[in-house]
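Work through the exercises below with the sequence and the 3D structure open. Try each task before reading its solution.

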Amino acid sequence: MTSKRVVAAVLAVAMLTTTSGCIGFLTGDEALSFAAEPAVVDESAADSAGYSTDGPRVLSVNRTVSAAGQERQVVAENQVTTYRKTLDLGIFEADLGVFTVVSTPAVEIAGQTLNPIGEFSNRRLVSLVQDQYQGLNDVQEVSSQTITVQGRQTEVTKYSGTATVQGQEVDVYVHVTKYRDGDDFVVAIGVYPQRLDGEEANVLSMMRAIEHPA
């Protein structure tokens, strides 16, 4: 399932898209740089859930922002950690369980938080994924609950949908949560086939076990 790449790309593209009207007061020739700290799932929790990862990777966003006739280069480094789980649906076997954690810098200048991710609801986040990932369709909210992640309460929203995997249409669930920790926003998205009843518990346990900074 290619949603792991889409989640990362969509969050990166979303960053800085709304800042052009906010930073007209910025001047200077050097680029403004912001870097997020990596976020991961506790290794024992990921192992217990049956997921594996090759570790965080950096996804950089470089934008030239224009305002009031001025231009300024802004560089933001996001950290993306993707976990995969090979699942057998009887028809085929593939990496159908995908859990992605993204940490993205708040981009604060003069007291203003310029990263629009901070204002996005879970519905908006899953809509971005749906808009960019053609294989994910018919996304509908199923339920919502509050869990504790890194000592804070955060809302997890569950959505149903269909995904196309190896030419087959698979009913899936998507879980989304987002919170702020220090100078970064942390977003976690888990996708898995609906027919795997026990997978929701695995996804929630991994969300509860997020560590930031790693």
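## Exercise 1: The largest core

Task: Find which members of the largest nonpolar core touch the most other members, and which element gives the most to this core.

Solution. The largest nonpolar core has 24 residues, and those touching the most other members are Val41, Tyr83, Phe99, Met206, Met207 and Ile210. Next, list the elements that contribute two or more residues: β2 (40-41), α2 (43-49), β6 (93-105), β9 (136-149), β11 (168-181), β12 (184-193) and α4 (199-208). Of these, α4 gives the most, with four residues. A second, separate core has 22 residues, including Leu96, Val126, Tyr159 and Val187. Keep in mind that this is a predicted model.

## Exercise 2: A lysine over a ring

Task: Decide whether lysine 158 is buried or exposed, and find the ring over which its charged end sits.

Solution. Lysine 158 belongs to strand β10 (residues 152-165). Its relative accessibility is 12%, so lysine 158 counts as buried. With residues up to four places away in sequence not counted, lysine 158 has contacts with Gln140, Glu141, Val142, Ser143, Tyr173, Val174, His175, Tyr192 and Glu200. One of these, tyrosine 173, has the charged end of lysine 158 over its ring, 4.1 Å from the centre. Another charge over a ring is that of arginine 124, which lies over the face of phenylalanine 120 at 5.1 Å from the ring centre.

## Exercise 3: Backbone details

Task: Find where aspartate 138 and glutamine 150 lie, and which two residues a cis peptide bond joins.

Solution. Aspartate 138 is not a glycine, yet its phi is positive, near 55°. Aspartate 138 is part of strand β9 and, at 54% relative accessibility, counts as exposed. Glutamine 150, also not a glycine, has a positive phi of about 50°. Glutamine 150 is located in the loop between β9 and β10 and is partly exposed at 29%. The cis peptide bond joins histidine 212 and proline 213, with omega about -5°. Proline 213 is in the segment after β13 (210-211).

## Exercise 4: The whole chain

Task: State how many helices and strands the chain has, and what percentage of its residues is buried.

Solution. The chain has four helices and 13 strands. Of its 214 residues, 53% are buried. Among contacts between residues at least 6 apart in sequence, 63% join residues at least 24 apart. The accessible surface comes to about 9700 Å², and 42% of it belongs to carbon and sulfur atoms.

Methods:
Residues numbered from 1 in each chain as written. Predicted model: local features only at pLDDT ≥ 70, side-chain atom pairs only at ≥ 80, totals over all residues. Heavy atoms only, no water. Buried < 20%, exposed > 50% of the residue type's maximum accessible area, 1.4 Å probe, protein only. Contact = heavy atoms within 4.5 Å. Areas by Shrake-Rupley, 256 points an atom, 1.4 Å probe, with all protein chains shown as cover. Core = buried A, V, L, I, M, F, W, Y, C linked by side-chain atoms within 4.5 Å. Lys NZ or Arg CZ within 6 Å of the ring centre and 35° of its normal.
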